[in-house]
Amino acid sequence: MMNSKYLVGECELDCKLMSLNYQQNTIKLSSKVYQLLLLFIENRDNIVSRQQAIDTIWLGNEGVGKKGFTNAIWVIRKTFKELGIQDEVFTTLPKLGYQLTLPVTQHQSAVTAHSQQRKMLVIILPLLLIATLVALVVYLKPPQAITPPTSVAPTAFVKPTKTKVTNYEGVEEHIAVSHDGKRLAMQWRTDTLTGKLYIKNLTQTDSPLTLISFENNEEASPAWSSADDKLAYVRIAKGGECQVRVKNLIDNTDALVASDCFYMPYKRVVAWSSHDDNSLVYSKQYGDNVSLVTHDLTTGISQQITFPQRNEIDYAPKWLPNDNQLAFIRESGTSTLASLVIQGLDGTTQQLISNNASIVDFDYSATDNLFYINNVDGANAIISRIYADGTPLPPLQHVGLPSSITLSDINKTLYVTEHISKEYIAQQSYDEKQTLRRISSSSRDMYARYSVTNDDILFMSNRSKLWSVWKNNRVSSKNLTKNLGNVTVPAISPINTDFAVNINVDGRSTLFLGDINSETFSTIDINGLEADNLSWSKDGEYLYFKGSTKALTAIYKLHVKSGELQQIIQNNGVYSVEGERDSVIYLSKFNENGIWRFDVETSELTQITDKLAKFDFGSFYYEQGYIYYLSREHQLDTVERIAVTADANVDIIATYPANSVRKFFGLSAADRHSFLVTLKVANEADVFGYALSANTENVR
């Protein structure tokens, strides 16, 4: 007889109700989805092939079954994520099918009350005897001093009541609610469709989305005018040009405002004045920083209003009432540490949150004078709540990765994009395209580096309360930096087990030299520079890095043993690797697509490709006469290589669905026969509404 209930991971599958339950949440499954999950549970090793599923569940109907199987796998993954389970649900087994990786336990449902009582007596009587003996020993033993255990008080969270607002396949991002609370503008994209802007009617649940532009370009960052009759947004032209545009929703016209904006995925970069529908503020690049500028739609005049230092990026602008203060996020473009800044009309600034590793977006309640900030605190995804005077409230509990948020004071609702996404690391061969090694956990594992000396892989992970460097030796993974601070991407010596890593504590960065085997660390003196984006020379004697001060940015070359420091190229490079000889480096530039070859002897700088995206600045390496790099198209992410010889032949090494590879440092070298890539398990995001009612005042 079939069991009526199973434990799948931490979730309970109720076979009578065809539902998955976790804590207080329940999701009803459709018949086909339930049957497929049950097939995984009942099969040997929890493995199901596509053909078996089609034959068993879809009765051999190939046309319907192929699509139905793919959709059911997607729904099962999504359901577990929505219930808060971050562990990977399935593993793909070549030539076999899929394997359910969550542990399965049967619930016994036919045990009689009498047999239960007998079992309880068998258990309780010996326990009572043991307890009596222990009590006697304790009574006769002389008293000893007791040292109370030390513990860290857990963060108090507020768990809001939430409802699902969107449920489309793909990613709903860059959300913005209208001032009257009736419409939600957003970017919607899938693996096969470029991000477009849509409007959802919040007053009619089942109303279809309205597409607001029909151009074949990526569009993002919508912002409502105060009258809700216009949308400002950015469009990325085919040549990479960032345009600020305004869509008039009354007469359906669309106007170009500026062609000099700055844009990176997931960053909100344009906003209206709080009261003047002829004034915009947006992010614009000035050399090696990104500032905020205002633009008057009547006169066409733009004016810079924030003044970040080198390598800093100002984005997510938000005017507070009457435009007396401007709130925005200021991020270090090299370390991704960010602060929430409030700037007055006189240019003075204050920081509500300082040097946080994962601030993505925020919004402000004019009614309550309260900021909501989507960020990470330790290992917890939270939405911080801070009054304008800096007084904090308990944060809201949040599921998924930090992402875009938007607030409606009228609806008393905070709209939040919840990402169902997790990264893992794969070592893949060049020739057979096989996965040789995989590193995955319930946390985020990314940006791997390979040790040719001992076959270990170092990677970044937030398995602990900090972003730490972890070591994987094929058997297990171990935290190397532990509680030293938040790390950036490490670099491993090609000749021994040394590795370099930059560690940030309270906004201060220190460069360390570590040893993979001994797990010891020593500081590296770099004359007051802030070092980012590390790589080693081929002989293991030198470190390359981007070094920054308030006045200067350059690529440096450091002799590790002697401490001799050499400036290679100024104000150009973000990340660099040594090439075919020690006088040649290949580098990427700040906010520019492409890879450049720099000859140190002749100072000649030549672009070799424009296919590396600006947000993949660290996803390339040199190996045996080729530059390997990540290229992105609308349909695919591609690992390619280009010969450094005169013919510059380009070969395709591997392909993945679009947006599968993690940005920034998603690709790196391994053992000359393979490479390392950071991949996303899923790429889904839906919008939820968090009710800001009396419920959010109850701290649990």
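Here are some questions and answers on a disulfide, a helix pair and a sheet.

Me: What kind of model is this, and how are residues numbered?
Reply: This is a predicted model, where local features need pLDDT of at least 70, side-chain atom pairs count only at pLDDT 80 or more, and totals for chains, interfaces and linings use all residues. Side-chain values use heavy atoms, with hydrogens and water left out, and residues are numbered along each chain as its sequence is written, from 1.

Me: Which cysteines does the disulfide join?
Reply: A disulfide is a pair of cysteine sulfur atoms within 2.5 Å. By this rule the count is one. The S to S distance is 1.9 Å, and the pair is Cys-242 and Cys-261.

Me: Where in the chain do Cys-242 and Cys-261 lie?
Reply: Helices (H or I, at least four residues) and strands (E, at least two) are DSSP runs, numbered from the N terminus. Cys-242 lies in strand β16 (residues 242-248). The pair links distant parts of the chain, 19 residues apart, with Cys-261 in the loop between β17 (254-258) and β18 (270-272).

Me: Is Cys-11 buried or exposed?
Reply: Buried means under 20% relative accessible area, exposed over 50%, and partly exposed in between (1.4 Å probe, protein chains only). Cys-11 has a relative accessible area of 0%, so Cys-11 is buried.

Me: At what angle do helix α1 and helix α3 pack?
Reply: Axes are lines fitted to C-alpha atoms, for helices over the stretch in contact, and angles run from 0 to 180 degrees between N-to-C directions. Helix α1 spans residues 31-42 and helix α3 residues 62-82, with their axes 9 Å apart. The angle is about 80°.

Me: Which residues of α3 does α1 meet?
Reply: Contact means heavy atoms within 4.5 Å. From α1 come Val-33, Leu-36, Leu-37 and Phe-40. They meet Phe-69, Ala-72, Ile-73, Val-75 and Ile-76 in α3.

Me: Which strands are the edges of the five-strand sheet?
Reply: Two strands pair if DSSP finds at least two bridges between them. The open sheet has the order β4-β3-β2-β1-β8, with antiparallel pairing. Two strands pair on one side only: β4 (25-28) and β8 (104-106).

Me: Which strands of the sheet does α1 touch?
Reply: α1 packs on the sheet, and its direction makes about 80° with that of β1. The strands touched are β1 (5-8), β2 (11-14), β3 and β8.

Me: Which residue in β4 stands opposite Asn-21?
Reply: Strand β3 (residues 19-22) and β4 run antiparallel, joined by four bridges. Opposite Asn-21 stands Thr-26.
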